[in-house]
Amino acid sequence: MTAAYRFSPYAVPPQAEALRAEVREFVQAEASHWSGWQIAHSWTGFDRQLSRKLGERGWIGMTWPKRYGGHERSAMERYVVLEELLAAGAPVGAHWVADRQSGPLILRLGSEAQKAKYLPAICRGEAAFCIGLSEPDAGSDLASLRSKAERVEGGWRLNGRKIWTTYAQDCDVMIGLFRTGFSEAHGKHKGLSQFLIDLQTPGIEINPIRDLTGESHFNEIVFDDVLLGEDALMGVENDGWAQANAELAFERSGPDRYLSSFPLLPLALAQLGQAVDDPSIARDIGALVAELTVLRQMSLSIQNQLESGATPLQEAAITKLLGTGLEQRMPGLIADIVEAQPLRRRGDKLSEALAYLIQVEPSFSLRGGTNEIMKMIIARGMGL
Amino acid sequence: MTPMTIDRDALSDEEFRGQLRAFLAEYYPAELKQDFYRPFRRLRGEPANQWLRTLQQHGWRAPAWPREHGGMGLSFRKQLIYHEELEHAGVARIIDLGETQLGPTLIKLGSAAQCEHYLPRILNCEHVWCQGYSEPNAGSDLASLRTSAVLEGDEFVVNGQKIWTTHANDSTHIFTLVRTGKYAKKQQGISFLLIDLNTPGITIRPIINLAGEDEFCEVFFDNVRVPRDNLVGELDQGWTVAKALLGYERVWIGSPALAGKALDLGQHLVQQLGLESDRGVMDQLAQLQADLHDYRLLYSRICDAIADSGKPPGPEVSMLKVYASELLHRLTEFNVSISGEYGAVVGDVELAGPSAEVTATDLYWQLMMARPVTIFAGANEIQRDILAKTVLGLQA
Amino acid sequence: MSELNIAELLADQLEKLLAAEVSAESLAALENGTGNRALWQHIEAMGVADVMCTGAEAAGLGWQECAELFRVLGRHAAPLPLAETLLGRRLLSQAGLAIPEGPLALVDADISLDDAGCLQGAADMISWAPWATAILGIARRGAETLLFSVAGTAVSAAATELHSLERAPTAAIDFSGMTPQAQAPIAAEASIREQLAVVRALLISGACDKVVELAVEYANTRKQFGKPIGKFQALQHQLAEASCRAAAAEMAAKYACRELDQKQPSTGAAVAKYTASVAAREVSRIAHQVFGAIGITDEHELHYFTRRLWQWRVDAGNERYWSGQLGARVLAAGSAQLWPSLTA
């Protein structure tokens, strides 16, 4: 038996590296007015203005065809842009989901009209997307979701509830998964379809859910006889589960799966200074840097496999499990070694960032598939 | 049966502690003490029996047994002091299942004749007992055991195999769980049977462990004839008999003594290696110290509750087994990790440090010895299942 | 590309040879000192021990190309000093020294060469030293870095045989006062300790794969409560964790190989050995929990791998040592250098 995964070192090609300095310079200029609280949000920080600026520079939809507003650059160039933005804690949330998941999905499965309508707007940083998957009774077990879409004259009628949808109140469009067929006839995973839903459509009610930090990123969205046109169906009817799943290797292995807490580390190093003679601090920092190095290599290796057309689901699950583990450990560990109180004290970036991350890190192993689900996928891949 | 005449339970805690301490100082052989070389030192075979007989002669044997059966009749509080003092004096551990397991079972569920016959022989070490429960296909799933005992007249005829029998090769007798009947529920039809290891048809094969020691054995039964009188409790009701004991076993395994030894060694290593100024090491050490302290309190609280209620230990003692075994893992792991390459040497090591002397031995051996603790007597996975279902009330 | 094929071919050949020749019995014989050296002769004849040598007529394979060779050795519990000899011959060739026949052993301790031309210093633990025809180390003389070698026969008086967890022939040697058999300045890509750390990380990664494989096989066959224990989620989760650790060790070790091939000062060795040592610790812990009692018996093959994992975890610096080294470098470089160095 050979291992169920494959990881080999992969270096960012020089052509992609060439872009790094430019992005870094841009980020440094922008970063001066981001608070610690803000950068700790990483890719859940929502700033339409920044997204528009990035759109102007051609850093959204980088790999997409030019005819849809894309820039036909390599995946590795995109990777460099993403990791530079994330490392600095740039608030990229207003275009993140569209750039990472929704855009590629539309590009792959959307109709010509759907592509023309949405992709250029995404590339300009003007179309914010959210994903409507979870429901009150369908969390990790997504296939048991119940919100339904029925065929009606000229289109579809949606009823049901979605929950935990990030930034729905600020977004323009949702790609939602709805039941269109009977589960008995199609099996639990069949009979689901994806829809492109303009969130301004009548019948949609968005109720923010206040989270433990006092903010309201999450929402509950109620669909009450929402009428959509024929063109709202995304891809193939009843095939939505497979469509949504195919994206998971992308979603689980990107730099966003191990860099969420990263902005803390340079702040902590700055506070500690260069003359630290406490070996235990050195060990803690060394362990974090070693793990970051390995995770970056794993993430790059997966990126390379995706490029060559493979679907490294096993590798992605391993990387996500290890990556979110590191993201979660980092805030507590850093709080232990630096002299900073986790406070929302204006101006003290380290304190602010700690205050936010200590509260939200438990969610890192929930989003994008829980640790338990990742372990199940890995165990299955091992032949258990 | 000779009842114990001395009543040490009547002493004040302090008097009791003082007397025991004086006795140990006078009688326990210095060369057999646990120390930094052998923090987990165990005695078996003749040296163990000799020491147990010394305890017996001076009225310090079987602290938990009632005095009418020759034990000390100590309250749980005094039993704790008893174990603390033994630990404090560096008395090596002895796996004496006759005293810790069989005796209490017979006292509770055995016949008067069984008590009369076996208990004094346990106390004077004429009989040394081992436990025959696990089988090759019945480990964590103990109730699937298959070793059979068929009644023929006044005798059971036993056939089958036991495995992981600790120190069977040093023992004279084995208490077993055997299948005597077939029922829909596999826990039924099991009987608790006492077997003399000298009976024809028994073969004992030691199993060498990864540290090179013959700690475990396989025991084979080939048409072994056992008197019907050796049945403890009712026929087919052995599971209940054994279960009454499993709780005691978990309390016994849950003792914080070993962890205490490992922590002492850890503190010593920290000094020897000059790591007192290393904040990370000291943090870890302090954490382990605090955890051990908490655990000692938890242990004595649960023991007190058992003593006060007079009832056998409840399912919550699974907590003790999980906590103690994992704490021991953490401590031995700490000792290895701070010791660098010394951790991989088998044998005595001289630690380079402020005072260069031989201070420890076989750090990894200790880690290995700590390892199976999370497996035997019900793997920790099984204990957590018990806790989740019985104590927390989570549904399967 | 052709070089890569040579390396793949050799790894494949080595895999076949070791699969046929190495078993619990032969490992037991090696460990109790009754093993013979026929397998080593076979390896010598294959020419595999020379492939990392550099120079005009040498194969000159790099670290990345040889990564799989080392991993194959780890998978088979490294029953030979081949890893040490591969690296040792490379060092000798880099220093332009003659390469003796037979296995080599490596010293990763700090040794110096005094003005009288005598070595000063001792090494606590040198694997395979009792087998080696020559023992190599790096000695400092002022600002100079010299590769030195002493003949295996010359050190016996200063050697103390050690019983290690690996149970391979191992010794502590005090070199003080010895005159090297040969010495020459060397410009190696990294210190012996760093290179040995990468070698150990590769061996750990190979052995972790093997241990995970054994554990999965066992979990799928061993039945309790009427089903294979691998069906229990508690075990699946532990094995998934083991698989993650093994994957991280492999990635880290291969990353370090690439860094060594680029011949720039790098944190590769620290990253690799830290990650691999953690993996050695965790994978062996989990495997023993999965195997239960049978796993701690002498007759089961598991311990041949887990004892080596424990040994290799501490060899050439354990996870504490390397995280400390790496952290000290990161701290000294300062905050502004962190991200640039991670993406360098």
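User: How is the accessible surface of a chain worked out, and what does it come to for chain B?

Analyst: Accessible areas come from the Shrake-Rupley method with a 1.4 Å probe, and for residues only the protein chains shown count as cover. In this predicted model, chain B has an accessible surface of about 16,600 Å², with 52% belonging to carbon and sulfur atoms, while chain A exposes about 15,100 Å², of which carbon and sulfur atoms supply 50%. Local features need pLDDT of at least 70, side-chain atom pairs count only at pLDDT 80 or more, and totals for chains, interfaces and linings use all residues. Side-chain values use heavy atoms, without hydrogens and water, residues are numbered from 1 along each chain as its sequence is written, and chains are lettered from A and ligands numbered from 1 in the order in which they are written.

User: What share of the residues of each chain counts as buried?

Analyst: A residue is buried when its relative accessible area is under 20%, exposed when it is over 50%, and partly exposed in between (1.4 Å probe, protein chains only). By that rule 58% of the 384 residues of chain A are buried, and in chain B the share is 54% of 396 residues.

User: Why can the radius of gyration of chain A be said to agree with a compact globule?

Analyst: The radius is taken over C-alpha atoms, and the globule rule is 2.2 Å times the number of residues to the power 0.38. For the 384 residues of chain A the rule gives a value near 21 Å, and chain A agrees because its own radius is 21 Å. Chain B, with 396 residues, has 22 Å, which also agrees with a rule value near 21 Å. Along the principal axes, the C-alpha trace of chain A spans about 75 × 55 × 40 Å, and the C-alpha atoms of chain B fill a box of roughly 70 × 45 × 45 Å.

User: How many residues are in contact between the two chains, and what area is buried there?

Analyst: The size of an interface is often given as the accessible area lost when the parts come together. Here buried area is the accessible area (1.4 Å probe) that two parts lose on being put together, summed over both, and contact means heavy atoms within 4.5 Å. In this model 7 residues of chain A are in contact with 4 residues of chain B, and the area buried between the chains is about 360 Å², with 35% given by carbon and sulfur atoms. On the chain A side, A:Asp278, A:Ser280 and A:Arg283 lose the most area to chain B, together 66% of what that side buries.
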